[in-house]
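Keep the sequence and the model in view while reading.

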Amino acid sequence: MSSSKSLLLNNNLEIPQLALGTYATSDEEIINVVETALTVGYRHIDCAWIYGNEKGIGQGLIKQLNKGEIKRSDLYLTSKLWCTFHKSERVRQQCLATINDLQCQYLDLFLIHWPFAFIDKDPSENNRDEIRLADEIDFIETWKAMELLIDEGLVKSIGLSNFNEEQIERILQICKYKPVVNQVEIHPYCPQIELENFCKKHQILLEAYAPLGAKDRSWKNENDPEILEDKTIKSIAEKYNVHPASILLHYIIDRNIICIVKSSNYQRIKDNFNLFQQNQFQLTQEDFNKIHDEIKIRFRYYKMTDAKDAKQHPFKDWQDFIPQ
Ligand SMILES: NC(=O)c1ccc[n+]([C@@H]2O[C@H](COP(=O)([O-])OP(=O)(O)OC[C@H]3O[C@@H](n4cnc5c(N)ncnc54)[C@H](OP(=O)(O)O)[C@@H]3O)[C@@H](O)[C@H]2O)c1
């Protein structure tokens with residue numbers, strides 16, 4: 001069995017709605033995770049250079065492809081251009097490096113990971129943790145270089161991640177190829193309704209990251225609200241007799257948003273896929289109203305505060321809100 005439900009992109013290519021997230025899974029661990037996920041039925045894998053595990057993902061992919069049951073064309077592979085590679089001459093080089101690590105000939109989707117750029121000091125030894133802003137590099141330059149990757153056949157589609165409406169507007173004004181998606185944080189504490197409406201108007205699909213609130217994040221603070229523990233989500237889970245994670249995944253799926261969920265646990269990899277495949281229930285309008293009316297908390301798990309001074313930081317206006 002394989003992931004069957006796909007959505008149509010604005011370039012008429014299809015994208016599987018469920019993707020396996022790969023952040024914070026080590027290079028060694030990810031080999032087995034990828035193999036397991038493909039066996040279970042996932043076909044869409046969300047990667048990024050900054051996660052530091054694309055070589056391991058490539059090894060997992062090759063192990064599966066060598067079994068002969070899955071072809072490269074059955075897979076949907078996404079990667080993201082990190083902020084140190086925004087200068088036009090670095091875009092192609094970095095895309096080739098990712099293709100090489102993933103051993104995948106081409107990418108189905110390549111995203112600009114964040115709208116702001118960092119200084120690229122040493123191309124051979126790029127320090128993944130170092131953040132030194134390079135505000136002078138405009139993402140318009142980066143986008144034009146991304147478009148050339150399509151012309152060259154290195155990538156099938158290109159898109160954005162963490163862009164706000166104003167930033168997307170700027171891309172739309174100059175683009176030869178429209179972005180097909182914008183990948184952003186989405187869950188009931190960060191519902192993104194306005195961005196959803198804006199993107200719909202421009203035929204750009206949203207991809208949701210951190211749908212379960214990234215509960216194992218290393219930067220967790222004691223008082224952070226945990227969406228998996230939310231009382232409204234728990235009460236809806238009780239109604240359907242499911243785990244709160246199922247409600248949070250349906251919150252994405254039932255809005256026709258692409259859902260990127262990470263797990264490195266065999267059972268949860270399987271459970272998340274089955275939930276999607278079997279689609280045993282759907283959230284009703286009443287459930288959505290309850291979520292949106294009752295939940296007052298606003299919280300982003302990914303704030304990128306290290307880059308808060310960047311001119312192009314996309315969430316400058318955002319404020320977390322936790323009612324006392
Ligand atoms: N574009 C961007 O800037 C950006 C930013 C962040 C993330 N992403 C992408 O989005 C993906 C997903 O986001 P995320 O990894 O931050 O967080 P997430 O998918 O919301 O949450 C992952 C956490 O949930 C647990 N989990 C998975 N399935 C579960 C279930 N059924 N029940 C209970 N817990 C479950 C996982 O633990 P186990 O592993 O133990 O199951 C893991 O700790 C990333 O991996 C990455 O690919 C993109």
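Where does H113 lie? H113 sits in the loop that links β6 (107-112) and α4 (139-151). Helices (H or I, at least four residues) and strands (E, at least two) are DSSP runs, numbered from the N terminus.

## Basis

This is a predicted model: local features need pLDDT of at least 70, side-chain atom pairs count only at pLDDT 80 or more, and totals for chains, interfaces and linings use all residues. Residues are numbered from 1 along each chain as its sequence is written, and side-chain values use heavy atoms, with hydrogens and water left out.

## H113

An unreviewed UniProt entry annotates H113 as "binding site". Such annotations may be inferred rather than shown by experiment.

H113 is buried, at 7% relative accessible area (buried means under 20%, with a 1.4 Å probe and protein chains only). Leaving out residues up to four places away in sequence, H113 touches A48, I50, Y51, K80, L81, W82, S161 and N162 (contact: heavy atoms within 4.5 Å).

## Ligand shell

## Polar contacts

Polar contacts are pairs of N or O atoms within 3.5 Å. A polar side-chain atom of D46 is 2.7 Å from a ligand oxygen. A side-chain N or O atom of N272 lies 2.8 Å from a ligand nitrogen.

Definitions and conventions
Buried means under 20% relative accessible area, exposed over 50%, partly exposed in between (1.4 Å probe, protein chains only). A polar contact is a pair of N or O atoms within 3.5 Å; within protein, one must be able to donate a hydrogen and the other to accept it, and residues adjacent in sequence count only if both atoms are side-chain atoms.
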